[in-house]
Amino acid sequence: MDSDLLQVRHIVQEAIGTLSVSRDGAQICETLRTIKSYLGGTENPPSMKEKDEFTRNHFTTFLQCLISNLSLDWLEQFQSDEDKELWDCFFLEGPADQTFMVLLDTIISTAPSFRLNKVVDVLEQFLQRAGLSALMWEVCKQQTQAGPSVLQEAILNKVACLPDHLGNKLQGENRPVFFPQNYFPLLGVEMVQVLERISDSLRGGLDCSISFVSQVLGKVCMHGRQKEILNVLVSHLTDRTQSDCIWQRICWRLVESVPDRWVEPVVCGFVQAAAGPAVLSRLLGNLVVKSKKAQFVMTQKMLLLQYSYPTMVLQNLLGYLALDNMRRLLLIKVLKELLETWGSSTAVKHSPVEQQLYISKAILICLSHLKEAEILNDRQELLTVMMEGMKCHLDSNLPKIRHIGMVVAECVSARIMSEGPALKFQYEEDDEIRDLKTLLIQRPEQIPDSDSQSIGNSRPAMTPGTIPKPSVKQQPGASEGLDQGDDSELDSDDDLVPYDMSEDKELKKTKAPTYIRDCIEVLTGPEDPDKYEATMSTLETLIRRNVAAAREVAKFLTSEFYSLNYSLRQRMDILDVLARAAQELSQPFSPKAKQLPSLKQPSIQILSSNSSSPDWQKVVDERIRSKTRRFAKGQSQAKPPSAPNRFGPVAGHFFFPLLRNFDRPLTTFDLLGDDHLVLARLTHTLAILMYFAVNTVVASAMGKALLEFVWTLRFHADTYVRQGLLSSVSSTLLSVPAECLLEDMTEELLETQAWLADVAEKDPDGDCRSLALQNLLLMENLKKKTLET
């Protein structure tokens with residue numbers, strides 16, 4: 001070994017021995033100054049060869065010696081502030097990679113003490129003095145000379161997990177600089193500084209490795225901190241890549257060098273943080289073409305397997321694919337895959353509504369970027385898939401799914417078959433539908449430069465001042481004659497007096513029936529428009545006038561529900577009538593007492609053709625609120641007038657016949673087969689009837705039968721049916737007395753509770769999960785109430 005190198009080893013060993021035994025402040029300071037000369041900054045510095053020997057083979061050992069001798073009485077040997085800073089300078093001016101590892105290892109292995117606090121102070125200074133950028137730069141230079149080492153892997157783990165290590169060690173005494181929300185943005189700034197050095201090296205004609213920075217970025221993003229670090233990093237990169245091709249190359253290489261196992265969080269983070277497709281294109285380049293992993297993430301996972309991203313992320317992603325000719329091939333491929341998923345009956349039945357909406361947005365954004373020539377090549381294939389998807393959506397029991405299918409079908413057909421008649425559905429537009437339709441319109445920053453120029457050159461800009469006014473050609477003298485005619489007509493009309501027809505009565509050819517049975521015979525007999533009209537005009541009056549009429553009409557409707565020769569629409573009308581009748585009968589009614597104007601009766605939303613399900617959240621909240629004792633000051637509220645529940649005597653006639661034949665298919669009617677829409681409406685109607693049967697004698701029997709019905713259909717594939725079943729459980733828990741539930745239906749409740757827990761955890765529909773959790777809460781409240789009594 002060279003004598004100079006042996007001398008370095010001898011000096012370091014001697015210094016370590018002196019520091020370990022000496023308590024003389026002057027001697028300790030002199031020893032530290034001797035060793036500090038190997039770090040530079042002295043009048044007579046050692047040779048570069050000696051410096052390299054010290055930093056490569058002896059620096060870590062010397063730092064460990066400094067920390068092992070660290071104590072309060074040892075530091076008191078330093079007389080001046082300059083002498084005290086001498087100890088710190090080895091950690092703040094030496095090789096950053098070794099310093100960082102020694103500090104972290106010491107903090108992890110040291111018990112709470114003065115030494116731990118001092119090392120934490122030094123680490124805090126290390127971070128505040130750009131120590132992380134120096135650390136990453138050191139590793140980047142080492143990677144240029146040799147490949148990754150065990151030390152570099154250890155540094156990577158420590159850098160990415162520093163907040164975890166410090167949080168676990170310091171607990172409540174942790175410093176703000178080590179908090180994740182502060183540390184990772186700082187790390188992002190330090191990474192930009194390293195990239196600045198790399199940029200300077202490339203401009204100087206020197207090679208430099210960027211892979212360690214990419215590894216740090218990937219590791220941090222994999223730990224779920226992509227938002228904190230990328231909000232800073234992407235902002236800086238956006239500014240620097242705007243007009244600098246070297247920075248664009250650096251940014252592309254930064255993302256391309258991320259290991260495959262960490263590509264997903266990095267790519268997803270960039271797509272979310274970028275301020276538009278053009279910015280994303282500058283930052284990622286053709287990454288989606290070069291990397292199979294990135295292509296899978298961007299064209300499969302973010303579009304087909306996930307659905308939590310906002311619309312802006314979809315616009316960034318698909319706009320990025322559309323901004324380059326090589327990437328546009330992937331855009332067409334993505335559109336076909338999206339339409340195939342959208343048109344899959346299995347996906348429509350089993351995927352959440354939110355995912356259906358997410359895929360629909362992606363389809364419309366894709367269409368907004370396609371050109372006529374690109375659509376023409378695949379027109380027939382796209383049209384076929386669209387028709388299949390439209391059928392699946394229109395067959396759904398959920399109105400929201402049907403509306404989504406209508407909107408997408410309209411937009412797709414309009415783009416694919418622009419020259420033919422437009423496909424048009426009737427539906428009520430809401431904000432969600434309007435937002436969907438606006439996705440077909442490209443924002444200015446999404447239009448490629450060539451397209452925007454051609455558009456600008458071919459069509460003049462329209463401003464409020466340049467809107468053409470419609471012109472009307474008139475024959476000479478026409479206006480004069482028109483004015484004269486108007487005056488003459490007005491003069492003659494002023495003399496006419498309207499004839500009073502308020503007392504007139506319409507002459508009727510057919511006498512109205514006087515009994516309900518006669519009305520039923522007319523409605524079920526041969527068609528006679530005059531008799532139909534006369535019957536319908538008096539039927540409601542007859543029913544309300546006769547107290548026993550409700551029982552008669554309930555028996556007829558429930559028996560007819562499972563009869564032949566009725567359409568699905570008519571069967572659902574029967575269910576609606578039963579539900580509305582139950583609601584009216586259950587309301588308190590007293591002809592002698594007027595309703596207090598300040599009172600609001602609890603209401604339930606009756607099913608109609610435009611509603612998806614009852615507002616059970618409102619129902620449950622109202623019932624729970626009515627059963628909750630509150631202590632508050634203020635004006636006391638008047639109690640609603642008490643009256644018997646008129647629905648009680650006839651509740652069984654409404655309810656039980658609907659349960660008898662649901663599992664028996666008819667020639668034209670199969671509830672357990674294709675007619676699941678009617679089954680869903682039946683489940684919701686049973687839930688409504690159960691809800692209005694509160695405080696009735698038959699409520700317990702109804703609840704037991706309804707729980708058995710729910711248990712039979714609990715695994716039904718249709719979302720709307722499952723929602724009705726869960727609503728039925730809510731009604732049972734709210735309407736049946738708690739003691740009857742816990743004593744007479746113990747086994748049913750336990751089975752239902754296990755099923756509810758499974759639904760709350762695994763059901764793909766968000767409304768079903770919410771209803772299941774609501775029911776579990778109701779069960780828990782029932783148990784607590786029973787124990788208290």
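**Exercise 1.** In this predicted model, find what joins the side chains of Arg569 and Asp573, and say where the two residues lie.

*Solution.* Start with the contact. Arg569 and Asp573 form a salt bridge, with 3.1 Å from N to O. That falls within the 4 Å cut-off. Next, place the residues. Both belong to helix 32, residues 568-586. They sit four residues apart, about one turn of the helix. Now check accessibility. Arg569 has 34% relative accessibility, so it counts as partly exposed. Asp573, at 35%, is also partly exposed.

**Exercise 2.** Which parts of the chain does the pair Arg722 and Asp763 tie together? Are the two residues buried or exposed?

*Solution.* Take the contact first. The side chains of Arg722 and Asp763 meet in a salt bridge at 2.8 Å, N to O. Arg722 lies in helix 37 (residues 719-735). Asp763 lies in the loop between helix 39 (746-762) and helix 40 (766-788). The pair therefore ties together parts that are 41 residues apart in sequence. Both Arg722 and Asp763 are buried.

**Exercise 3.** Classify the accessibility of Lys391 and Asp395.

*Solution.* Begin with the bond. Lys391 and Asp395 form a salt bridge, and their closest N and O atoms are 3.1 Å apart. Exposed means over 50%. Lys391 has 55% relative accessibility, so it counts as exposed. Asp395 has 43%, so it counts as partly exposed.

**Exercise 4.** How many salt bridges does a search of the whole structure find?

*Solution.* The search finds 24.

Terms used
Residues numbered from 1 in each chain as written. Predicted model: local features only at pLDDT ≥ 70, side-chain atom pairs only at ≥ 80, totals over all residues. Heavy atoms only, no water. Buried < 20%, exposed > 50% of the residue type's maximum accessible area, 1.4 Å probe, protein only.
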